[in-house]
Amino acid sequence: MLARVYSCTCIGLTGTIVEVEVDTSSGLPRVVIVGLPDAAVEESGERVRSAVKNAGFFYPRGRVTVNLAPATVRKEGPSFDLPIALGVLVATEQVPQDTLAGCMVLGELSLDGIVRHVRGVLPMAADARTAGFKRIYVPQIDAAEAALIPDLEVIPVTDLNQLVGHLTGRITIQPAPALHVTDEEIMVLTDLCEIKGQEYVKRSLEVAAAGGHNVLMIGPPGSGKTLLARALPAIMPRMTLEEALDVTRIYSVADQLPADVPLIRNRPFRSPHHTTSHAGLVGGGNWPHPGEISLAHRGVLFLDELPEFGPRVLEVLRQPMEDKVVTISRAHGSFTFPANFQLVGAMNPCPCGYYGDPQKACTCAMGLISKYQKRISGPLLDRIDIHVQVNRVEYDKLSDDRLGEPSSAVRERVEAARQRQRERFGVKGGVDLTITCNADMRPADVRHYCILDDTGRNLMRSAMLQMQLSARAYHRILKLARTIADLAAVDAITPTHLAEALQYRPRLLLD
Ligand SMILES: Nc1ncnc2c1ncn2[C@@H]1O[C@H](COP(=O)(O)OP(=O)(O)O)[C@@H](O)[C@H]1O
Ligand SMILES: [Mg+2]
């Protein structure tokens, strides 16, 4: 008898339905799997045989043919074990075919029949629902993740024997309860109130969060750059449910979803080391997986020791920073992953770290300092609106026990400023229709939304002259002033806003 079980595979970030057909016939006892399987799928045959036998069922003595359709789609990984095993049991009439009508099955099997975790359950469950499936059988550990999808019955499976018992009416497995998303408190990596002093840097982070601006922090070792960067996610606006699902989908496919976190509610904070490979950073592999910049989607990508990353690595960030997605091309097609992150860079001002430090003398030769700073490419710097000097905090302030303003209070101001931006740019998003925050404004938007009065124009004219600012710097300052005005909840940009924005201009030697 020909058995048919539905399963799914993950390509990029989306699921594709796979039909698993199993046929048994007389002949040499072997398993043949056809339909573009990869090595892990080919090994399925052996695992399934052991699992079926060890779970106490009959395994046919002859030839078992497994066809995975459509044959044009590459099948990856071990997640077809469970559907293949069920196919064998249906083909040998140990499980009735009609018990699987309208059902999708996902799961890896161990040799003794235990059902193991598979990656990408969230996008595959979403796809099942879209394709009209009513029920999905998933590894128990992945059930909460699948239960995020509404109107889909999720049956958590621990082992093959239990599943067969359920299908044949011997036992009943309770469906996983639908996950009710509550407005739980945001988990705070570092609360601003624990960071002593640094009022100016904290303010710059508030501006960054409010307008979606990228930040570069420059300062000596131990001045608190890493500490400050880690405070950014919790002052950014709360993620909407839609954003949370977007992020969770990426983590599910990358197999980085913690077992006890079915839905990621907190904005990600990723800090890849400068030795991270190209594939690790932007995504890659034969069948591409999301890289750090996609894992940082809707959160913060922190690049510590920025000059150490090298010009080639920084160069590859340019396009994703512009497009908010990364496209990876392969012979068999191209894959697009979201990569809408906020960049925070940190660096020492020079190799020894103390150039410009008020207390400690720098020991680097001038030529070496500029060479060090020039390692960061100009085009990347152009996409960083906020440059901020981080100085070491004096002992008196560090030992002060009074707590500063908590991150939650700052986040409220940030959310109000974002609301103003949403109202301004509307659903369509600014002049060129894609803008969601001030940092994304193009020159035309800047002309349209950052109008200065006479005093403002005069201030900018003299600043341009005195500080020798480029046209690009001019736009950057206007965008920042717009955000600062939004934080102050006013429409008109005043000289006060401009003056603060001017503080965040680059101070590197190369500028
Ligand atoms: N302003 C501050 N308030 C409280 N602790 C601080 C502050 N600045 C630095 N520290 C302490 O010093 C340590 C080193 O700071 P870190 O952020 O790693 O510095 P950097 O990244 O600039 O080298 C932190 O883990 C923290 O314990
Ligand atoms: Mg550090």
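This is a predicted model: local features need pLDDT of at least 70, side-chain atom pairs count only at pLDDT 80 or more; totals for chains, interfaces and linings use all residues.
Local features are taken only at pLDDT of at least 70 and side-chain atom pairs only at pLDDT 80 or more, while totals for chains, interfaces and linings use all residues. Residues are numbered from 1 along each chain as its sequence is written, chains are lettered from A and ligands numbered from 1 in the order written, and side-chain values use heavy atoms, without hydrogens and water.

**Exercise 1.** Decide whether Gln198 is buried or exposed.

Solution. First, the backbone: Gln198 is not a glycine, yet its phi is positive, about 55°. Next, the place: Gln198 is in the loop between helix 6 (160-167) and helix 7 (199-211). Last, the cut-offs: buried means under 20% relative accessible area, exposed over 50%, partly exposed in between (1.4 Å probe, protein chains only). Gln198 has 12% relative accessibility, so Gln198 is buried.

**Exercise 2.** Describe the polar contacts of ligand 1 with Thr226 and Gly224.

Solution. A polar contact with the ligand is a pair of N or O atoms within 3.5 Å. A polar side-chain atom of Thr226 is 2.7 Å from a ligand 1 oxygen. For Gly224, a backbone N or O atom is 3.1 Å from an oxygen atom of ligand 1.

Notes. Helices (H or I, at least four residues) and strands (E, at least two) are DSSP runs, numbered from the N terminus. A polar contact is a pair of N or O atoms within 3.5 Å; within protein, one must be able to donate a hydrogen and the other to accept it, and residues adjacent in sequence count only if both atoms are side-chain atoms.
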